[in-house]
Amino acid sequence: MATKAAGRKPETRLALVRRARKINRILAETYPDAHCELDFTNPLELLVATILSAQCTDKRVNMVTPTLFAKYPAVADYAAADRSEVEDIIRSTGFFRAKTNSIIGMAQAVCERYGGEVPGKLKDLVTLPGVGRKTANVVLGNAFDVPGLTVDTHFQRLVRRFGWTDETDPVKIEHIVGELLPRREWTIFSHRVIWHGRRICHARRPACGVCPLAALCPSYGTGPTSEAEAEKLVKPGPFS
Ligand code: SF4
């Protein structure tokens, strides 16, 4: 099957796979320190932090989690938590009532169905309240070492700009990208892409003029191509 990126000749499947792997290699060289920007020390902490990260920056989440993790060290502690106390701690992350419902509901389900241990399988994680496929993949990839693609808004935007897919459905995107890259690369590739989205390939004005992927990206020119102008758009991070 051939795909066609705007303004380019149709690309064979083989060429697409080669280009995808080259993009991954360049991102690896550009962001050798790419990692999950949420602070955690075990699967439960990462699950809670990821629930809190919806519509919120990782930096903000990392500001509230030390208090939360100290007060509720085990799943059973969240399951028995006073709702208003949790709400007070996480308020600044936004949507705090819904997030409190998710955290307490998730903890009760883990206690009832998984003996108080966060399960390490996608099929189990997605049955927990407040845990979708994206959250489950973050937890699997970073706390259980099970490769997973984290299809968040940065990821979706970037792989569409790379011309890897036109899909807008996150599950379809996950499968399409999963077939382009080796499974062992899925988790770290997700971090690299998210880092690139936060630092250079922004939603509104990507810094194309200083982008290390410029020669491989059919969307080059979406943002300013002048180096001086693009330079001003770069956000160096860190974001945590
Ligand atoms: S060339 Fe532009 S659109 Fe393509 S990845 Fe780089 S910043 Fe994004």
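Author: What follows is a set of questions and answers on helix packing and domains in this predicted model.

Reader: Why is α2 called roughly antiparallel to α6?

Author: Helix α2 (residues 43-52) and helix α6 (residues 96-114) pack at an angle of about 155°, with axes 9 Å apart. Angles over 145 degrees count as roughly antiparallel, and α2 is therefore roughly antiparallel to α6.

Reader: Which residues make that contact, and what is its make-up by class?

Author: On the α2 side the contact is made by Leu44, Leu47, Val48, Ile51 and Leu52, and on the α6 side by Lys99, Ser102, Ile103 and Met106. The crossing of α2 past α6 is right-handed.

Reader: Which residues of α5 and α6 meet, and how many of them are charged?

Author: Arg83, Val86, Glu87 and Ile90 of α5 meet Phe96, Arg97, Lys99, Thr100, Asn101 and Ile104 of α6. Since Asp, Glu, Lys and Arg count as charged, the contact of α5 with α6 has four charged residues, beside four nonpolar and two polar ones.

Reader: How do you know that α9 and α11 are roughly perpendicular to each other?

Author: For helix α9 (residues 153-161) and helix α11 (residues 186-199), the axes come within 9 Å and cross at roughly 85°. That value lies in the range of 65 to 115 degrees, and the two helices are therefore roughly perpendicular. His154, Phe155, Arg157 and Leu158 in α9 meet Phe189, Ser190, Val193, Ile194, His196, Gly197 and Arg198 in α11, a contact with five nonpolar, four polar and two charged residues.

Reader: What does the domain assignment give, and how many residues link the domains by contact?

Author: The assignment gives domain 1 (3-30 + 149-231) and domain 2 (43-143). Their C-alpha centres lie 30 Å apart, while 10 residues of domain 1 are in contact with seven residues of domain 2.

Reader: Which residues does the UniProt annotation cover?

Author: In the unreviewed UniProt entry, the annotation "domain: HhH-GPD" covers residues 52-199. Over those residues the chain is 65% helix and 0% strand, with the end C-alpha atoms 22 Å apart.

Technical notes:
Residues are numbered from 1 along each chain as its sequence is written. This is a predicted model: local features need pLDDT of at least 70, side-chain atom pairs count only at pLDDT 80 or more; totals for chains, interfaces and linings use all residues. Side-chain values use heavy atoms; hydrogens and water are left out. Axes are lines fitted to C-alpha atoms, for helices over the stretch in contact, and angles run from 0 to 180 degrees between N-to-C directions. Helices (H or I, at least four residues) and strands (E, at least two) are DSSP runs, numbered from the N terminus. Angles under 35 degrees count as roughly parallel, over 145 as roughly antiparallel, 65 to 115 as roughly perpendicular and the rest as oblique. A crossing is left-handed if the near helix is turned anticlockwise from the far one by less than a right angle, and right-handed if clockwise. Contact means heavy atoms within 4.5 Å. UniProt positions are given in the numbering used here, feature names are shortened, and annotations may be inferred rather than shown by experiment. Domain bounds come from an automatic or database domain assignment.
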